[in-house]
Amino acid sequence: MISENLREVEEKISQACLRSGRDRSEVLLIAVSKTKPLEMVEEAAGCNQIDFGENKVQELCMKYEHFPTLRWHMIGHLQRNKVRQVVDKAFLIHSVDSLRLAETIEAEAAKINTVARVLLEVNVAEEESKFGFKMDQVMEAVEQISKLEHVHIHGLMTIAPFVEDPEENRPVFQKLRQLSVDIKEKNMNNVNMDVLSMGMTNDYEVAVEEGATMVRVGTGIFGERDYSTTAKIGE
Ligand SMILES: *Cc1c(COP(=O)(O)O)cnc(C)c1O
């Protein structure tokens, strides 16, 4: 089932690349395995899937311990008191949503003499329920965070609204892309804008058409999530 799903997602990414004149190699597929058991991670890894996404620190750490050679992406809201646990395990932190969080990452990364790779999360649609910088706060945040020696900004991330028709999210993806272009033009030290992490199961094809370089697909690979059992994971 997982191998078939992966093949289907792969095919859709390829088609979206083709439609938009992009090369398939420009888009990295992140398999979002949150709430899913180790066996399913193993099955996906057996299909040469290398990049996995988790939104909870505890679960990311637990899965990292089992599969340290896979690349674990932190995609969920990160509390400052949990930074220490993930800073040496997360391949990329997609969810930097405040200067204070970036400063905590700086402090923890410095302690272990590493440079943390991060994306800034942008709440493009300004939804109350979501974390992330507002569009008009991002430039200032990038300028501040770029001064931190143990944090390197690689790009931007957004979680688009839940919509019935993925076309509704096209303007959201276009805005994030344009923002990354605007930032890139400033040529700031220690800032790179190569990554645009956008698109989930419902809308990743549109996101790829609009320039996503990372798509985060959970349900489309692992099936629906059952939150009634998540309390057991990682215990
Ligand atoms: C859960 C999650 C995803 C994957 O969602 P699906 O709709 O299952 O593909 C992607 N990004 C983030 C930040 C998530 O929390």
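Modeller: Helices (H or I, at least four residues) and strands (E, at least two residues) are DSSP runs, numbered from the N terminus. This is a predicted model, in which local features need pLDDT of at least 70 and side-chain atom pairs count only at pLDDT 80 or more, while totals for chains, interfaces and linings use all residues. Residues are numbered from 1 along each chain as its sequence is written, and side-chain values use heavy atoms, with hydrogens and water left out.

Biologist: How many Å apart do the end C-alpha atoms of residues 26-225 lie?

Modeller: UniProt lists these residues, 26-225, as "domain: Alanine racemase N-terminal" in an unreviewed entry; its positions are given in the numbering used here, its feature names are shortened, and its annotations may be inferred rather than shown by experiment. The span is 34% helix and 22% strand, and the distance between its end C-alpha atoms is 28 Å.

Biologist: Is Lys34 buried or exposed?

Modeller: Lys34 lies in the loop between strand 1 (28-32) and helix 2 (38-46), and the unreviewed UniProt entry places "modified residue: N6-(pyridoxal phosphate)lysine" at this position. With a 1.4 Å probe and protein chains only, a residue is buried under 20% relative accessible area, exposed over 50%, and partly exposed in between. Because its relative accessibility is 15%, Lys34 counts as buried.

Biologist: How much of the ligand's accessible area does the protein cover?

Modeller: The residues around the ligand, meaning those with a heavy atom within 4 Å of it, include Lys34, Met200, Thr201 and Thr219. Of the 390 Å² of accessible area that the ligand has on its own (Shrake-Rupley method, 1.4 Å probe), the protein covers 91%.

Biologist: Which residues of strand 8 point the other way from Met214 and Arg216?

Modeller: In a regular strand the side chains alternate between the two faces of the sheet. In strand 8 (residues 214-217), where all four named residues are buried, Met214 and Arg216 point one way, and the other way point Val215 and Val217.

Biologist: Which residue in strand 8 is the bridge partner of Ala31?

Modeller: Two strands pair if DSSP finds at least two bridges between them, and strand 1 and strand 8 pair in the parallel sense over 4 bridges. In strand 8, the partner of Ala31 is Val217.

Biologist: Which residue in strand 7 is the bridge partner of Gly155?

Modeller: Strand 6 (residues 151-157) and strand 7 run parallel, joined by 4 bridges, and together with helix 7 (residues 170-184) they make a right-handed β-α-β unit; right-handed here says that, with the strands pointing away from the viewer, the path from the first strand over the helix to the second runs clockwise. Strand 7 (residues 191-197) is mostly covered, as 5 of its 7 residues are buried. Within strand 7, the bridge partner of Gly155 is Val195.

Biologist: With which side chain does Arg170 make a polar contact of 2.7 Å?

Modeller: Arg170 has its place in helix 7 and is buried, because its relative accessible area is 17%. A polar contact is a pair of N or O atoms within 3.5 Å; within protein, one must be able to donate a hydrogen and the other to accept it, and residues adjacent in sequence count only if both atoms are side-chain atoms. The 2.7 Å contact joins the side chain of Arg170 to that of Glu210.

Biologist: How far in space is Ser180 from Leu156, C-alpha to C-alpha?

Modeller: Ser180 also lies in helix 7 and counts as buried, because its relative accessibility is 4%. Ser180 and Leu156 are 24 residues apart in sequence, and their C-alpha atoms are separated in space by 7.0 Å.

Biologist: What is the relative accessible area of Asn190?

Modeller: Asn190 is found in the loop between helix 7 and strand 7, and its phi is near 65°, a positive value in a residue other than glycine. Asn190 is partly exposed, because its relative accessible area is 25%.
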